[in-house]
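Please read the following explanation with the sequence and the 3D structure open.

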Amino acid sequence: GVGDLLLSERVNKEPHQPVYKLTYIVPDAEPVKARSDRHSASFNYRVGRHELLRDFQNNAAELNRVDRVINEVKSNKDLEITEFTVTGYASPEGNFESNRALSDRRANSFADYLSSTHGVARDRFRVSGLGEDWNGLKEAVEKSSLADKNEIIRVINNVSNPDARDAELKKLSGGQTYRSLLDIYYPPLRRTDYTIAYTVRAFSVEEAKGVIKTNPKLLSLNEMFLVAQTYAPASSEFKEVFDIATRLYPDEPIAILNSAAADIEGGNNRAAIDRLNRIESDPRAWNNLGVAYVRLGDTAKAKEYFQRAALRGDEDAKHNLEELGKTMEN
């Protein structure tokens with residue numbers, strides 16, 4: 001009857017409820033997970049000497065600290081140490097060339113210590129002495145409140161012969177500035193940086209769920225993604241996995257793209273757009289940008305992104321463009 005006709009007309013006018021598809025990209029598995037940790041140690045030496053003496057000044061405490069760092073890596077059965085890089089630096093007073101040679105000998109003494117104490121083959125080490133650390137001095141002075149700050153930096157920048165800089169620096173404030181440099185700013189520059197490189201074994205999803213809480217940098221992006229898949233898409237655990245991924249891989253487009261998708265799932269469309277704007281030139285980001293804009297009610301911008309992505313063959317974007325079209329007809 002007449003009533004049926006009106007009913008069917010009314011049903012047809014129900015607005016279309018769109019379902020927009022978000023893009024997630026499964027990151028490639030890392031065939032070898034290579035990682036490295038960088039540390040710095042400051043030892044005391046007798047003037048002009050390179051022997052590393054445990055019972056000299058603060059060396060015992062500093063060597064104990066080094067031992068703790070290395071034992072932690074060594075005792076972790078998931079890791080295998082592949083290389084040590086040791087780089088020695090000197091403070092700038094005295095002769096440039098002899099400081100370079102001295103920093104080299106000191107770096108080698110430290111490498112000898114690591115090799116004999118921790119049983120790491122000496123050919124696993126790459127050792128260099130870089131000598132006077134003028135860059136380090138410049139950074140420290142720039143942050144300081146020294147009265148002659150600009151003068152010191154001018155000397156470092158303009159006097160090209162490093163050995164001639166000392167005489168210039170000694171002239172400042174009747175020698176007072178140089179004494180401050182010697183007492184306060186030079187000692188931290190005499191240091192040894194060391195980097196431990198290692199490979200990490202692959203983890204099962206169950207193992208990775210534990211590792212992401214304790215030491216997430218041991219995971220690949222792929223392992224993190226598989227952990228996320230065990231949680232519901234709008235859950236806080238799901239979102240947290242992608243937040244960890246972008247913190248550890250801040251410049252990795254796939255990490256940015258996936259964490260933005262997780263933001264959109266959780267209704268944080270503005271945050272998603274901020275993230276995606278960093279990789280706006282990457283066509284893989286366009287579909288998710290479209291979804292974020294449509295959720296914010298900016299259909300014009302959403303349509304533009306969906307169209308750009310669809311032209312590049314993005315299936316999710318083609319679907320989303322159709323959904324947007326049906327919604328706009330109503």
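A salt bridge is a side-chain nitrogen of Lys or Arg within 4 Å of a carboxyl oxygen of Asp or Glu. This is a predicted model, in which local features need pLDDT of at least 70 and side-chain atom pairs count only at pLDDT 80 or more, while totals for chains, interfaces and linings use all residues. Residues are numbered from 1 along each chain as its sequence is written, and side-chain values use heavy atoms, with hydrogens and water left out.

There are 26 salt bridges in the structure. One of them joins the side chains of D78 and R201, at 2.8 Å from N to O. D78 sits in the loop between α2 and β2, and R201 in the loop between β4 and α8, so this pair ties together parts 123 residues apart in sequence. Helices (H or I, at least four residues) and strands (E, at least two) are DSSP runs, numbered from the N terminus. R201 counts as partly exposed because its relative accessibility is 35%; the term covers values between buried, under 20% relative accessible area, and exposed, over 50% (1.4 Å probe, protein chains only).

Another salt bridge connects R275 and D243, whose closest N and O atoms are 2.7 Å apart. Here too distant parts of the chain are linked: R275 belongs to helix α12 (residues 269-277) and D243 to helix α10, 32 residues apart. R275 is partly exposed, with a relative accessible area of 22%, and D243 is partly exposed at 27%.

The side chains of R35 and E30 also meet in a salt bridge, at 3.1 Å from N to O. R35 counts as buried because its relative accessibility is 12%, whereas E30, at 29%, counts as partly exposed. Elsewhere, salt bridges link R38, D133, R191 and D193 in a network.

Now to the nonpolar cores. A nonpolar core is a set of buried Ala, Val, Leu, Ile, Met, Phe, Trp, Tyr and Cys residues joined through side-chain atoms within 4.5 Å. The largest has 42 residues, and F110 and L114 touch the most other members. Among the elements that give two or more residues to this core are α2 (59-75), β2 (79-90), α3 (96-118) and β4 (192-200). Which residues does F110 touch, not counting those up to four places away in sequence? They are F43, L52, V66, V86, T192 and Y194, where contact means heavy atoms within 4.5 Å. A second, separate core has 26 residues, including I254, W286, V291 and A317.
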